[in-house]
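This briefing covers selected local features of the structure shown below and the contact between its chains. The points are grouped by topic.

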Amino acid sequence: MDSPRPTCIVIGASAGGIGALRILLSRMDPRLCAMIVIVSHTGSTDMRNFCDVLAEQSALPIEEACERTRPQPGHVYVAPSGYHLLFEPDGRFGFSVDSKIGFSRPSIDVLFESAAEAFGPTLAAIVLTGANSDGAAGLLRVRELGGLAIVQDPDDAEIDTMPRAALELAGADHCLDLRSMATLVNSLCGPRDESEDPLR
Amino acid sequence: MFRSSIEDIEIELFVHALKRRFGHDFSNYAPASLKRRVRLLARQFKCDHISDLASKVLHNPQLLPDVIAGLSVPVSEMFRDPPVFRALRDEVLPRLASYPEINIWQAGCAFGQEVYSLAILLKEAGLYERSHIYATDFNDVALARAQEGIFAARDAKLYSRNYQEGGGTRSLSDYYHARYEFIKMDESLKERITFANHNLVCDSVFCEAHLIICRNVLIYFNDELQDHVLKLFSDSLVRGGYLCIGNRENIQFSASATDFMAIDRQSRIYRRMPH
């Protein structure tokens with residue numbers, strides 16, 4: 001049986017992440033049927049500027065995740081600085097200010113684990129460049145619950161520590177450079193009916 | 001069956017046990033963060049399963065304070081989000097100055113970093129002597145720590161920077177004594193603070209407040225409990241009284257939110273409307 005189409009894509013990025021995210025998001029199909037939720041470690045206290053920077057390259061609307069709201073397909077959400085971002089079982093966003101995990105809040109693991117439990121096999125998780133091991137434990141949980149694991153090819157990553165840590169602990173269904181990753185996501189989550197594609 | 005579903009059943013049983021045996025009701029907490037905390041607690045108590053944790057607490061009631069402490073995990077810093085403290089200093093305190101006595105309730109004071117920040121603000125505004133601050137929490141372990149007013153010296157640099165960014169006019173070190181790896185807040189900051197156990201889930205109105213500060217506490221509650229607590233705040237505030245919540249909190253799903261008018265959306269400061 002084919003695996004189900006992802007309805008939610010969670011992305012974890014750390015050092016070097018902004019460049020990688022700009023490339024990845026600039027190649028996303030604007031008719032994407034899934035929501036994208038990003039945790040990125042940066043020194044910034046206000047992620048709204050970060051959203052603006054990403055939005056320059058992306059056809060998808062990008063905004064900071066808002067507590068208790070339900071994310072919409074085709075939109076990109078970024079975790080605010082200083083809060084862990086979680087998915088509640090009903091698919092809405094939850095926040096917490098619990099202790100940092102591996103020096104990080106938001107933590108990629110926290111987002112991935114809660115998303116895995118909310119979406120199960122309809123989740124896809126992506127680990128990008130970074131200089132720590134956040135996201136590895138979360139990716140393992142994603143795979144345990146039937147979600148799809150995608151890791152940036154360490155040779156393609158600006159800093160390969162985070163992708164390597166994820167591959168080592170969790171493994172991956174796909175290990176790709178950013179361009180191939182965008183192609184894969186578009187094919188998995190693009191418009192459902194190819195015959196309706198006006199570009200064809 | 002997903003392992004997570006079995007775990008969900010165990011968490012439900014654990015929550016039910018705490019409610020039946022000790023009267024502590026976590027059933028309206030936001031599930032995702034509660035789950036993480038219960039898991040951590042199970043690990044801390046060396047339990048393989050959450051059902052083992054439930055059994056342990058049921059048969060060893062002396063563990064309850066540590067269980068409650070583990071489920072509330074208080075994390076804060078002095079003058080966290082400095083612009084909020086600047087807004088309190090510039091927008092709220094000058095208006096409170098017109099009252100002969102000022103009652104302030106800090107709900108969910110945890111280790112007390114914010115209540116001492118508030119005391120400093122009031123001192124610098126010349127309002128401290130006629131203020132009364134109620135600092136409450138349902139976590140007795142945290143309350144005892146808050147009352148001591150002792151924090152790690154390694155955090156002092158961050159606290160000082162926050163204080164300056166929040167419009168502080170002196171040096172934060174004027175308000176504490178540093179000893180080895182700790183700083184101890186000046187005793188005079190405590191004179192007008194009452195520390196007390198109060199549980200937002202089940203306890204009721206206990207004062208007529210001019211300002212309530214409750215930042216990043218309601219994020220742990222589901223919509224129903226959030227609404228219940230906002231109603232409690234509305235009932236506790238004088239007409240035109242102020243409410244300050246965490247600056248990423250969203251109260252749009254609460255019916256009681258209509259009791260409040262935003263005066264500073266960035267800092268999440270509201271005024272209670274007339275009923």
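The model is predicted. In strand E5 (residues 84-87) of chain A, the side chains of A:His84 and A:Leu86 point one way, those of A:Leu85 and A:Phe87 point the other way, and all are buried. In a regular strand, side chains alternate between the two faces of the sheet. Chain A and chain B also share an interface, with 31 residues of chain B in contact with 31 residues of chain A.

**Strands E5 and E6 of chain A**

- E5(A) pairs with strand E6 (residues 93-96) of chain A in the antiparallel sense, over four bridges.
- A:Ser96 in E6(A) is the bridge partner of A:His84.
- Five residues lie between the strands in this hairpin, and A:Gly91 takes a positive phi near 90°.

- A:Ala79 is found in the loop that runs between strand E4 (76-78) and E5 of chain A.
- A:Ala79 has a relative accessibility of 1%, so the residue counts as buried, the cut-off being under 20%.
- Beyond its neighbours within four places in sequence, A:Ala79 is in contact with A:Ile38, A:Val39, A:Met47, A:Leu85 and A:Pro106.
- A:Met47 is 32 residues away from A:Ala79 in sequence, while their C-alpha atoms are 7.6 Å apart.

**The interface of chain A and chain B**

- About 2,500 Å² is buried between chain B and chain A, with 45% of it on carbon and sulfur atoms.
- On the chain B side, B:Arg36, B:Ile219 and B:Arg248 lose the most area to chain A, together 28% of what that side buries.
- Eight salt bridges are found across the interface of chain B and chain A.
- A salt bridge joins the side chains of A:Glu117 and B:Lys35, at 3.1 Å from N to O.

**B:Ser33**

- B:Ser33 belongs to helix H2 (residues 31-44) of chain B.
- With a relative accessible area of 4%, B:Ser33 is buried.
- Apart from neighbours within four places in sequence, B:Ser33 is in contact with A:Leu86, A:Ser96 and B:Tyr220.

**Helix H5 of chain B**

- Helix H5 (residues 82-96) of chain B has 15 residues, which at 1.5 Å a residue should span 21 Å; the end C-alpha atoms are 20 Å apart, which agrees.
- H5(B) has a kink of about 35° centred on B:Leu88.
- The buried residues in H5(B) include B:Leu88, as well as B:Pro82, B:Val84, B:Phe85 and B:Leu96.

Methods: Residues numbered from 1 in each chain as written. Chains lettered and ligands numbered in written order. Predicted model: local features only at pLDDT ≥ 70, side-chain atom pairs only at ≥ 80, totals over all residues. Heavy atoms only, no water. Buried < 20%, exposed > 50% of the residue type's maximum accessible area, 1.4 Å probe, protein only. Helix = DSSP H or I, 4+ residues; strand = E, 2+ residues; numbered from the N terminus. Pairing = 2+ DSSP bridges. Expected span 1.5 Å × (residues − 1). Bend = angle between axes of the 7 residues up to and from the residue. Contact = heavy atoms within 4.5 Å. Buried area = accessible area lost by both parts, 1.4 Å probe. Salt bridge = Lys/Arg side-chain N within 4 Å of Asp/Glu carboxyl O.
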